[in-house]
Amino acid sequence: MTTTVLPATAALPPAKRDLAPLLLVPALLLLMVPLVGSLPTWLTLTVAGLAMGMMIFLMASGLTLVFGLMDVLNFGHGAFVAVGAYAATLVLIPMHGWLEADSLLQNLAVLALAMGMAMLVTAILGWAFERIIIMPVYGQHLKQILITMGGMIVAEQLINVIWGADQIPLPLPASLRGSIVLGEAAIEKYRLLAVVVGLLVFALMMLVLNRSKIGLLIRAGVENREMVEALGYRVRRLFVAVFAAGSALAGLGGMMWGLYKETLSASMGSEVMVMVFIVIIIGGLGSVGGCFIGALLMALVANYAGFLAPKLALVSNIVLMIGVLLWRPAGLYAASRH
Amino acid sequence: MPDALLTLSGVHTHIGQYHILQGVDLVVPRGGLSVLLGRNGAGKTTTLRTIMGLWQASAGSIVFDGRDISKMTTPDIAQAGIAYVPESMAVFSELTVRENMLLAARNGPLDQARVDWICGFFPALKKFWHYPAGKLSGGQKQMVAIGRALAEPRKLLLVDEPTKGLAPAIIHSLIAAFAELKASDTTILLVEQNFNVVKTLGDTVAVMDDGRVVHAGAMADLAGDPALQQRLLGLALDSHQ
């Protein structure tokens, strides 16, 4: 077969990676060392911020993918957070004995089961939510906002019907209560677990997104759904799978958040939604990496601000969002979309 | 006369309140290069998008390889054997050239022999194989878009204004690549505004105006008849000469 030789193409410079947002977290950590003044206090605040950030990332990562891929503004995402936490009690309460056992292995086993239950229930709920509530309003943002908020209200009321309106106490497993003391710094054990779970989920998501064909399809679908369909893929099926997976992650985050707060209420999902939305806006809609950095930044800033200037803690998230958007109006890692 | 691979009969397409295609009749013979010409807004891109199912035909039939595809979904139409290169090229800019090609290989891993064949047309693809497609120039992106459409054997290749906005050197290379694709028995329907780009390339030509095909026939007939060119393509032709 003959070939056509194109004119010589000028050599391109190596593809540059956008590292600036990655440097924000370490820069913030370093900046805070002198401002906090005490290294043990700084360490405690930092681990607390990282743990909180990881839990928010778990809750937000699904939402950012759902928005990026499906262009759906799901204001009902908080329902999965709450339902996940309550679903976990289906394991945690009957297996209370294992939670109270003085064995880390037994404690972690029951937590793993609870995580599985939370993710399974919320994945099924997410699938049904997409079929019944989201599907009729694809492409209609105003209706999406209204109907998904309505869906969240219905979910909250259903939680009250099923589990009762009272708050449910959710004690930590015996081995995860208390703190580890490093010098003069006290680090809560559960926060370390939250950091590990968050990192594992982030690593898994990045692995799937970057190293699998499903991940390629999701990334391509975030950018141009129409072209993915024109290549012969049924994006609708991908949508449903991503929605269910995003809901499951929210359920996992909800369970972790419930254990962190050691209490459950039907409104816990709607209460965290403001933070979740700030995180996905900071990160760039559709970007999992941006969502991860955004969650860490937001949680760290909230913790440091709570210590350094408690009166500013409430507005620290908004100030952070404004700062990031002034720097990068589409967020830290804006996904290209067509 | 080769048999028809694609036949549009009385195709109408509405986009919102606008009636864009108003009874398009078009035949694409198997194994050649057909050209769809027309001024801006004549309905060429809408015709391609309607064939791909990206916009649904509101009336008429689209028969591809003996099957009516007018009510089929876009993925089904693609799986039936039609590849599409849109005007915007629509390369996935966050993905590398390799990943763009990998996605187009729907039925398994990339066939290395086929990749080598494609890179024969577009050597630049190999050079930028692991480079994010979004960082490439317009001409290089066009190569990725066409290469992606060729990543698996397809019966029909729809290409929408591939030369738009490209440098003359790149345009000449693309024309040569299309000539070789044509020689390899790939059926191509090429939308173009620039008559001079395609007059030596096309086997058949259709000219659209106001959402209808107003002329269809052999390219040689149109290329050899300046009066017909003037009547069908008007002043736009002068600017391309």
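In the predicted model, chain A contains 13 helices and 4 strands. The radius of gyration of chain A is 21 Å, close to the 20 Å that the globule rule gives for 338 residues, so chain A is as compact as a globular protein of that length. Along its principal axes, the C-alpha trace of chain A spans about 75 × 50 × 40 Å, and 48% of the 338 residues count as buried. When contacts in chain A between residues at least 6 apart in sequence are considered, 78% of them join residues that are at least 24 apart.

One element of chain A that can be followed in detail is helix α13, which comprises residues 313-327. At 1.5 Å a residue, the 15 residues of this helix should span 21 Å, and the end C-alpha atoms are 22 Å apart, which agrees with that expectation. Within α13(A), the residues N317(A), L320(A) and V324(A) are buried. These residues cover an arc of only 65° around the axis, which puts them on the same side of α13(A). An α-helix has 3.6 residues a turn, so residues three or four places apart point the same way. The buried residues of α13(A) pack against α11 (268-283) and α12 (288-308) of chain A, whereas the face turned away from the buried side carries the exposed residues L314(A), V315(A), I318(A), V319(A), I322(A) and L326(A).

F243(A) is found in helix α10 of chain A, which covers residues 235-261. Because 26 other C-beta atoms lie within 10 Å, F243(A) is classed as buried, the cut-off for this class being 20 or more. When residues up to four places away in sequence are not counted, F243(A) touches V66(A), M70(A), G126(A) and E130(A). F243(A) and V72(A), although 171 residues apart in sequence, are 10.0 Å apart in space, taken from C-alpha to C-alpha.

For chain B, the domain assignment gives domain 1, made up of 4-81 + 155-240, and domain 2, made up of 90-153. The centres of these two domains of chain B, taken over C-alpha atoms, are separated by 23 Å. The contact between them takes 10 residues from domain 1 of chain B and 7 residues from domain 2 of chain B. On the side of domain 1 of chain B that touches domain 2 of chain B, β7 (156-160) and α7 (168-183) each supply at least two residues, and the largest share, 4 residues, comes from α7(B). By class, this side of domain 1 of chain B has 8 nonpolar, 1 polar and 1 charged residues.

Helix α1(B) is followed by G53(B), whose phi is positive, near 80°. By contrast, G108(B) has its place in the loop between α3 (97-104) and α4 (112-121) of chain B.

Definitions and conventions:
Residues are numbered from 1 along each chain as its sequence is written. Chains are lettered from A and ligands numbered from 1 in the order in which they are written. This is a predicted model: local features need pLDDT of at least 70, side-chain atom pairs count only at pLDDT 80 or more; totals for chains, interfaces and linings use all residues. The radius of gyration is taken over C-alpha atoms; the globule rule is 2.2 Å times the number of residues to the power 0.38. A residue is buried if 20 or more other C-beta atoms lie within 10 Å of its own, exposed if 12 or fewer, and partly exposed in between; C-beta atoms are placed from the backbone. Two residues are in contact if their C-beta atoms, placed from the backbone, lie within 7 Å. The expected span of a helix is 1.5 Å times one less than its number of residues. The arc is that of the directions from the helix axis to the C-beta atoms. Domain bounds come from an automatic or database domain assignment. Ala, Val, Leu, Ile, Met, Phe, Trp, Tyr, Cys and Pro count as nonpolar, Asp, Glu, Lys and Arg as charged, and the others, Gly among them, as polar.
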